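Visitor: Please walk me through this model, element by element, with an explanation for each answer.

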Amino acid sequence: MTPRRLVLPAALMTAGLILSAVMATAAKTPHPQDDDPLTGVRVGLPASWTGRATPSESMEILVLAGHADSQGIEGAGTSGAAVDRGGARPMDARMRDELFWNRRVRDAVVTTGQARGLKIRSYEPDQLTIANEEDPRTNWSVGRRHHDAGGYALEIHFDAYGRHGVGSGLIPNLRSPATRIDESLALNFGRYPINFRGGLGAPRRGISILEIGKLEGQLERALRAPHSRKAVVAALALRIVEAIELGIGGTPGPATQRLSSPPDVDDNVPQAMDRRTTAVDG
Ligand SMILES: [Zn+2]
């Protein structure tokens, strides 16, 4: 056989492969659990809670950076795939990469939210390690006080890479019924089971947890690349703020309609398993 005679069958084969790939894509029904182009895989665990409690218009939102006070101890968060698998240098030598990004997103959410008229602020413990979780300065203590005073507390996280992590999604506070803010964030990012890991430390103290995505792959690359970092953090913040706005109820939209879906059954609050939020792996 001459190379020339190979051209046609090879081209046909290539065309056939492309065609079947296109057909497979077209036939695939879109599903909420499909990977998000920015944040990657969503949580795929069964969850049937619905956030129905209506936040008051004046409800103040407190945004926390996950693991802000637990560096160097259990519950430090994930180092991310770039550092652990790729050998990259940490973004900041004093902390795991997850905290570096949690803080960036926290601050961007507050700036964006305030610019859009939300009553929203952040808390920074100003100390990377507070050994006693009941210390009044910890995220947990401050978040619990905020919740108990009638506010909404949200802690930003990135999940661990690979099989150590689960994916993006919201874990609602367990100290009171889930709100429509929780519902809106779950519709946008994914929905964790209400009793994930037996009830994590933060939700048991009235703090909802948002896992933005696994700290790996496209999301982590786009965060780490200096030319795209700012835009990615801004896009994540805007997505979070818009979801909060929909939950508060100012803007009618598709998500608002879905908020009034019929009740589900699995709203039971679990028994205790008191460990630091996502202790080992983010
Ligand atoms: Zn975390």
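Predicted model: local features only at pLDDT ≥ 70, side-chain atom pairs only at ≥ 80, totals over all residues.

Visitor: What span does α3 reach from its first C-alpha to its last?
Guide: Helix α3 has 19 residues, and at 1.5 Å a residue a span of 27 Å is expected. The distance from its first C-alpha to its last is close to that expectation, at 27 Å.

Visitor: Which residue with a positive phi follows α3?
Guide: The phi of the residue in question is near 90°, and the residue comes after the helix. That residue is Gly117.

Visitor: What is the order of the strands in the sheet?
Guide: The protein has nine helices and five strands in its secondary structure. The sheet is open, with five strands and mixed pairing, and its order is β2-β1-β3-β5-β4.

Visitor: Which strands stand at the edges of this sheet?
Guide: A strand at the edge has a single partner, so one of its sides is left without a neighbour in the sheet. Those strands are β2 (120-123) and β4 (169-171).

Visitor: By how many degrees are neighbouring strands of this sheet turned against each other on average?
Guide: The value is an average over neighbouring strands of the sheet, and the direction of the strands is ignored. On that basis the turn is 25°.

Visitor: How many bridges pair β3 with β5, and in which sense?
Guide: Strand β3 covers residues 152-159 and strand β5 covers residues 207-214, and Leu154 stands opposite Ser208 in β5. The two strands pair in the parallel sense, over six bridges.

Visitor: Which strands does helix α3 touch where it packs on the sheet?
Guide: Helix α3, residues 97-115, packs on the sheet with a direction that makes about 155° with that of β2. The strands that it touches are β1 (61-65), β2, β3 and β5.

Visitor: What angle does the direction of helix α8 make with that of β3?
Guide: Helix α8, residues 226-248, also packs on the sheet, where it touches β1, β3 and β5. Its direction makes with that of β3 an angle of about 145°.

Visitor: Why is β1 described as largely enclosed by the rest of the structure?
Guide: Ile61, Val63 and Ala65 point one way from β1, whereas Leu62 and Leu64 point the other way, and all are buried. Strand β1 is therefore largely enclosed, the number of its five residues that are buried being five.

Visitor: How many bridges join β1 to β3?
Guide: On one pairing, β1 runs parallel to β2 with four bridges, and Val63 stands opposite Ser122 in β2. On the other pairing, Leu62 stands opposite Ala153 in β3. Strands β1 and β3 also run parallel, and the number of bridges that join them is five.

Visitor: Is Ser70 buried or exposed?
Guide: Ser70 lies in the loop between β1 and α2 (81-84), and a polar atom of its side chain lies 2.6 Å from the backbone oxygen of Gly75. Its relative accessibility is 2%, and the cut-off for burial is under 20%. Ser70 therefore counts as buried.

Visitor: How many of the ten residues of helix α4 are buried?
Guide: In α4 (residues 139-148) the buried residues are Asn139, Trp140, Ser141, Val142, Gly143, His146 and His147. They pack against β1, β2, β3, α6 (201-204) and β5.

Visitor: What is the relative accessible area of Ile207?
Guide: Ile207 lies in strand β5, and its contacts beyond four places in sequence include Leu64, Asn139, Trp140, Ala153 and Leu154. Ile207 is buried, with a relative accessible area of 0%.

Visitor: What percentage of the residues in the protein are buried?
Guide: The protein exposes about 13800 Å², of which carbon and sulfur atoms supply 56%. Among its 282 residues, the buried share is 50%.

How values were computed: Residues numbered from 1 in each chain as written. Heavy atoms only, no water. Pairing = 2+ DSSP bridges. Axes fitted to C-alpha atoms, helices over the stretch in contact; angles between N-to-C directions. Contact = heavy atoms within 4.5 Å. Buried < 20%, exposed > 50% of the residue type's maximum accessible area, 1.4 Å probe, protein only. Polar contact = N/O pair within 3.5 Å; in protein donor to acceptor, adjacent residues only side chain to side chain. Expected span 1.5 Å × (residues − 1). Areas by Shrake-Rupley, 256 points an atom, 1.4 Å probe, with all protein chains shown as cover.
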